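Subject: Structure handover

Hi,

Here is the structure we talked about. My notes follow it.

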Amino acid sequence: HQRCVRRALSEEEITRFLRAAEADDHDAMQIWATRGGGEANHRARSVRIPQAPLWRAFLETGARWSELTRTPWADVDTQRRTLLLRAENTKAKRRRIVPLGRKLLSELEGLRELQAQALGREVQLADPVFRTPEGACWSRPTNNAMRIFDRLLLRAQIARVDAEGRKLDIHALRHTFGSRMARNGAGLVHVQRLMGHSDPKLTAQVYTHLDVEDLRGAIEGVVGA
């Protein structure tokens, strides 16, 4: 009955993690393309759905697993650069709209093209934005995704559990999002809206979990380096 204590990735770890995700996609695609199969299956079997956009989306939207993996393409607004998380998929049962960075939006556009190749048809608005490497819909359990996540941590040389016993898992990427917002001066109200917390006390915990180096910047901004 011990409570799970998670930690947030540092900015340097985020960079390593995303690079590992891109390298993992590249290596997996090379293996995927060499698989056997008849001529009729060659096109579909040679396309693997990259997963780096999924990991970036977790880090840049703060969405939960069930929220992000149930999001359809209809809820990606390329003009406004936003992602809609529907009320029926959110924990608080309230819809929220999250702005998207240009890098993530670009990756999503490329992802859509690859999904069309893998599916052998145009991507429909009702189709999920994120699919498994095989092109299937993600299931509610995160077992398979955690296997990829653990592989990325190993590749990025990031410990799954740190010296204080704090762990990293997929939900820790949501913690990382909140910590990044706090690090960069986002106010509590803004972070609460972005993360969809029903209770501001939950959001306030994000600020209490900042590392010493994050807090050092605040001190140096007042007293000087």
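F149 is buried, at 1% relative accessibility. Buried means under 20% relative accessible area, exposed means over 50%, and partly exposed lies in between (1.4 Å probe, protein chains only). W55 also counts as buried because its relative accessibility is 1%.

Before the rest, the ground rules. This is a predicted model, in which local features need pLDDT of at least 70, side-chain atom pairs count only at pLDDT 80 or more, and totals for chains, interfaces and linings use all residues. Residues are numbered from 1 along each chain as its sequence is written, and side-chain values use heavy atoms, with hydrogens and water left out.

Aromatic pairs

There are six aromatic pairs in the structure. Rings of Phe, Tyr and Trp (its six-membered ring) pair if their centres lie within 6.5 Å; planes under 30 degrees apart are stacked, over 60 edge-to-face, and the rest tilted. F17 and F149 make a tilted pair, because their ring centres are 5.6 Å apart and their planes stand at 55°. F17 sits in helix α1 and F149 in helix α6, so this pair links distant parts of the chain, 132 residues apart. Helices (H or I, at least four residues) and strands (E, at least two) are DSSP runs, numbered from the N terminus. Both F17 and F149 are buried. W55 and F149 are tilted too, at 5.8 Å centre to centre and 45° between the planes. That pair ties together parts 94 residues apart in sequence, because W55 lies in helix α3 and F149 in helix α6. Ring pairs join F17, W55, F58, W65, W138 and F149 into a cluster.

Nonpolar core

The largest nonpolar core holds 50 residues. Such a core is a set of buried Ala, Val, Leu, Ile, Met, Phe, Trp, Tyr and Cys residues joined through side-chain atoms within 4.5 Å. F17, W55, L108, F130 and F149 have the most contacts inside this core. Its largest share, seven residues, comes from α6. F17 touches W55, L59, F149, L152, L153, A156 and I158, leaving out residues up to four places away in sequence. A contact means heavy atoms within 4.5 Å.

Helix α5

α5 has 18 residues and spans 26 Å from first C-alpha to last, close to the 26 Å expected at 1.5 Å a residue. The expected span is 1.5 Å times one less than the number of residues. Among its buried residues are L104, L108 and L111. E107, also in α5, counts as buried because its relative accessibility is 16%. Not counting residues up to four places away in sequence, E107 touches E22, A52, P53 and R56. Just after α5, G120 has a positive phi of about 75°.

Strand β3

I97 belongs to strand β3 (residues 96–99). I97 is partly exposed, at 36% relative accessible area. With residues up to four places away in sequence set aside, I97 touches T82, L83 and L84. I97 and L84 lie 13 residues apart in sequence and 4.6 Å apart in space, C-alpha to C-alpha.

Most residues other than glycine have a negative phi. K93 has a positive phi, near 60°. K93 is in the loop between β2 and β3 and is exposed, at 54% relative accessible area. Q157 also has a positive phi near 60°. Q157 is in the loop between α6 and α7 and is exposed, at 69% relative accessibility.

Best regards
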